[in-house]
Amino acid sequence: MSLDVTRAEPHLHDARQRLEHARTSRLAQLQALDEAGPSADDDHLLAVQKTAMERVLKEIDEAFTRVEDGTYGTCLGCAKPVPPERLEILPYTRYCVACRRLAT
């Protein structure tokens, strides 16, 4: 089965754009958290938020790797394609909805 590059490339271009947007947004949120200057009451909450942002940034980087190695959009659980609608909403996802539910 040959890969139709003319159809695959726009999909990958869109994926890269969504991932870049997600990365830029998370970096801006992380910077805003850093600039907020924690108060004693918010210290734990800020640490939790920063950890979550850093985890998402790592997932975004991993998604870029999947784009480059040709596995982007394939569920790591069942090896079936992740629906495009899901990738539009969560471009760095590694799983389809069914497999994600099983993982939690």
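**Charged side chains and helices**

Guide: Buried means under 20% relative accessible area, exposed means over 50%, and partly exposed lies in between (1.4 Å probe, protein chains only). The model is predicted, so local features need pLDDT of at least 70, side-chain atom pairs count only at pLDDT 80 or more, and totals for chains, interfaces and linings use all residues. Residues are numbered from 1 along each chain as its sequence is written, and side-chain values use heavy atoms, with hydrogens and water left out.

Visitor: Which side chain meets E20 in a salt bridge?

Guide: The general idea first. Side chains of opposite charge can pair when their charged atoms come close. The cut-off for a salt bridge is a side-chain nitrogen of Lys or Arg within 4 Å of a carboxyl oxygen of Asp or Glu. Here the partner of E20 is R23, at 3.1 Å from N to O. R23 is partly exposed too, at 22% relative accessibility.

Visitor: Why are R23 and E20 separated by about one helical turn?

Guide: Because they sit three residues apart in helix α1. Helices are DSSP runs of H or I with at least four residues, strands are runs of E with at least two, and both are numbered from the N terminus. The pair also belongs to a network: salt bridges link E20, R23 and D61.

Visitor: How many salt bridges does the structure hold?

Guide: Five. One of them joins E62 and K58, with the closest N and O atoms 3.4 Å apart. These two are four residues apart in helix α2, so about one helical turn separates them. K58 is exposed at 54% relative accessibility, while E62 is partly exposed at 27%.

Visitor: What about E68 and R16?

Guide: Their side chains form a salt bridge at 3.5 Å, N to O. This pair links distant parts of the chain, 52 residues apart: E68 is in α2 (residues 43-69) and R16 is in α1 (residues 5-36). E68 is exposed, at 59% relative accessible area. R16 is partly exposed, at 26%.

Visitor: How far does α2 reach from its first C-alpha to its last?

Guide: Compare the span with an expected value: 1.5 Å times one less than the number of residues. α2 has 27 residues and reaches 39 Å, close to the 39 Å expected. After α2 comes G70, with a positive phi near 85°.

Visitor: Which residue other than glycine has a positive phi?

Guide: A79, with phi near 65°. Its place is the loop between α2 and α3 (84-89). A79 counts as exposed, at 58% relative accessibility.

Visitor: How many helices and strands does the chain have?

Guide: Four helices and zero strands. The order from the N terminus is α-α-α-α. Of the 104 residues in the chain, 27% are buried.

Visitor: What share of the contacts comes from residues 24 or more positions apart?

Guide: A contact means heavy atoms within 4.5 Å. Among contacts with a separation of 6 or more, residues 24 or more positions apart account for 52%.

Visitor: What does the accessible surface of the chain come to?

Guide: About 7300 Å², of which 56% belongs to carbon and sulfur atoms. The areas come from the Shrake-Rupley method with a 1.4 Å probe; for residues, only the protein chains shown count as cover.
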